[in-house]
Amino acid sequence: TERVNPHSRRTVSYYFPKGVGSYHFGERHPMKPHRLTLTNSLVMGYGLDKQIHEIFDARPATREELETYHDTDYIEYLSRVTPQNQGTFKTEVEAHNCGEDCPVFAGMYDFCRKYAGGTLAAARKLCSGRTDIAINWSGGLHHAKRGEASGFCYVNDIVLGILELLRYYPRVLYIDIDIHHGDGVELAFYHTNRVMTLSFHKYTGDFFPGTGKLDDNGIGLGKHFALNVPLKDGIDDKMYLELFTNIVSEVRDKFQPSAIVLQCGADSLGCDRLGAFNLSIKAHGDCVAYVRAFGLPLLVLGGGGYTVKNVSRCWAYETAVLAGASVPDALPRTPYDAFFADSGYTLHPPLTGRVDNLNTPASLKKIVGAVRNKLRYLEG
Ligand code: ZLM
Ligand code: CA
Ligand code: ZN
């Protein structure tokens, strides 16, 4: 690997909580923590560990840390319920929304403590000023609520990370490019003007989680500090990048964040098992590069992504982008080679064109116009 531009070098810290890739949500469940192991093996295989300032394990989050956002009774439940005893917790299982999407699986609480611990350590490193960029691909679980699990997410590490950043940074911008609406993060900060939430997502009314329409804006002091970009199936690289750069640059100018949190859900890629967009890995990475170029303290997290071979390609590529390194298209040899035979072991397989693009220049123009109007409230 080679450095692209030594002048754009920023200190990058990478968090990979030990063992986080070895949990199983259950047979046929779309969420596969193994994608984190694949990602890490590509990152190491490309030698990116030599381009990154430091690689960290992270201590698991403590109960007290989780309770800075979550309800005590919910954390108590998460820490006690197991696949074997869940029958005796029937009321709680239902009250906290466990079930098909969020099954009770072996080691579930340890899994939560690990990914949240990674995000907290990353946020603390950013507060210390000893890193410019901190990455935790195991984090980004944006649907979890204060007292309940939702959409494969049990503990909201993003909210915990932002709360940590707010101890030091006056204003935090949250950007979410997962194909699903970042509802849990929006809800947590719906009443505050210190966090601006911006989610790009598929919105049809029945696509999960069903929230995130254009005119949801925030409440009270938080009014005008929640932004939503609802999209239709099949959006392509060109349209997405134009929309993303237009909106994100205006938000940066008007909100003037002191730090940024970027959720990089890879289910917005073409060919995702649950997704319906048409983005290439290159375009997804261009969004990351665009945010990196602002030069602000940056917390980068994972999220969704259900075609695991592409999720790991995407996040390995984005690790290179963040490190300011270039990586060859030929994938390195890893113990997981078999996953990548589909495209002759390359980093950038063709992913686009499987779904018709239902977005039009007119529908996007309407969105940009509406977002611009909302941002006018932030002036003065
Ligand atoms: N049923 N198994 C994105 C979270 C998306 C809610 C419809 C459950 C699935 C899905 C689970 C093996 C992020 C909904 C779905 C079936 C009610 C969703 C278990 C297949 C399976 O085969 C499956 C038995 C499962 C779940 C599909 N669930 C697809 N889409 C969404 C949640 C999370 O990417 O944003 C961040 C990590 N749930 O649509 C139902 C309404 C439950
Ligand atoms: Ca999103
Ligand atoms: Zn998603």
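Mentor: The account below takes the aromatic pairs and then the charges placed over rings. This is a predicted model, in which local features need pLDDT of at least 70, side-chain atom pairs count only at pLDDT 80 or more, and totals for chains, interfaces and linings use all residues. Residues are numbered from 1 along each chain as its sequence is written, chains are lettered from A and ligands numbered from 1 in the order in which they are written, and side-chain values use heavy atoms, with hydrogens and water left out.

The structure holds 21 aromatic pairs; rings of Phe, Tyr and Trp (its six-membered ring) pair if their centres lie within 6.5 Å, and planes under 30 degrees apart count as stacked, over 60 as edge-to-face and the rest as tilted. The pair of Phe25 and Phe111 is edge-to-face, because the ring centres are 5.8 Å apart and the planes stand at 85°. Phe25 lies in the loop between strand 2 (12-15) and helix 1 (34-45), whereas Phe111 belongs to helix 5 (residues 108-128), so this pair ties together parts that are 86 residues apart in sequence. Helices (H or I, at least four residues) and strands (E, at least two) are DSSP runs, numbered from the N terminus.

Phe25 is buried at 5% relative accessibility, and Phe111 is buried at 3%; buried means under 20% relative accessible area, exposed over 50%, partly exposed in between (1.4 Å probe, protein chains only). Phe111 also pairs with Phe105: the centres are 5.9 Å apart and the planes at 65°, so this pair is edge-to-face. Phe105 is buried, with a relative accessible area of 5%. Ring pairs join Phe25, Phe105 and Phe111 with Tyr23, Tyr115 and Tyr154 in a cluster.

Charges also sit over rings, a term that requires NZ of Lys or CZ of Arg within 6 Å of the ring centre and within 35 degrees of the ring normal. Lys202 lies over the face of Phe207, at 4.7 Å from the ring centre, and Arg252 over that of Phe294, at 4.3 Å.
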